[in-house]
Amino acid sequence: MNANTESKTAPRAINGRIRGRFAPGHSGNPGGSPEATRRAFNKRFLLDLAEDWQQHGREVFKRVRRESPASYLKVCAMLVPKEVKLEHSTSAIKAMTDEEIEQAIEVIQTMLAARADETAKVIEGEAEVVPSLPPPKAPKTAS
């Protein structure tokens, strides 16, 4: 082949490039956007997880709770958000009359007293004497 025949033929794409430039239809990032890849992975993972949950979810939870309670509690703890943003408004309290506030306090005190009655349980028993080790001997000093 001579130089004249090469210029008349279509350029050849090597690794998606023609003369160092990306050929039409070839991306500069063949792996795609990292964000889009992560979103696609997360979506597929969650769909697979939902399908698996439909088939085996409740039985697996019961088995893990019995056989590996630490793992079960770890998963439960991971589901609780690490930060919770709480905002309170004093406008509702400011709108209350003194009588309404006193009634609310009485209701809360009644609820707390009822809860204390339900949870207060006395366990009767006697402390037993447990033998202990003798105290260490004093170190000998050189005289």
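Is Arg66 buried or exposed, and why does it count that way? Hi everyone, let's start there. Arg66 counts as exposed, because its relative accessibility is 59%, and the cut-off for exposed is over 50%. Before I go on, please keep in mind that what we have here is a predicted model.

So where does Arg66 sit? You will find Arg66 in helix α2, which covers residues 34-67.

On the surface, Asp98, Glu99, Glu100, Glu102 and Glu106 come together as a patch of negative charge. One of these residues, Glu106, belongs to helix α5, residues 98-119.

Let me step back to the overall layout. The protein has five helices and two strands. Reading from the N terminus, the order of elements is α-β-β-α-α-α-α. How many of the residues are buried? Of 143 residues, 2% count as buried. The protein exposes about 14,700 Å², and 58% of that comes from carbon and sulfur atoms.

Now to the aromatic rings. Searching the whole structure turns up three aromatic pairs. One of them is Phe41 with Phe45, a stacked pair with 6.2 Å from centre to centre and 20 degrees between the planes. Both of these residues are in helix α2, four residues apart, which is about one turn of the helix. Are they buried or exposed? Phe41 is exposed, as its relative accessible area is 55%. Phe45, at 46%, is partly exposed.

Another pair joins Phe61 and Tyr72, and this one is edge-to-face: the centres are 6.1 Å apart and the planes are at 90 degrees. Here the two partners come from two helices: Phe61 is in helix α2 and Tyr72 is in helix α3, residues 69-79, so the pair ties together parts that are 11 residues apart in sequence. With a relative accessibility of 39%, Phe61 counts as partly exposed, and Tyr72, at 23%, is also partly exposed.

Ring pairs join Trp53, Phe61 and Tyr72 into a cluster.

Terms used. Residues numbered from 1 in each chain as written. Predicted model: local features only at pLDDT ≥ 70, side-chain atom pairs only at ≥ 80, totals over all residues. Heavy atoms only, no water. Buried < 20%, exposed > 50% of the residue type's maximum accessible area, 1.4 Å probe, protein only. Patch = residues over 30% accessible without salt bridge, like charges linked within 9 Å, V, L, I, M, F, W, Y side chains within 5 Å. Areas by Shrake-Rupley, 256 points an atom, 1.4 Å probe, with all protein chains shown as cover. Salt bridge = Lys/Arg side-chain N within 4 Å of Asp/Glu carboxyl O. Lys, Arg positive; Asp, Glu negative; His and termini not counted. Charge placed at Lys NZ, Arg CZ, Asp CG, Glu CD. Phe/Tyr/Trp six-rings, centres within 6.5 Å; stacked < 30°, edge-to-face > 60°.
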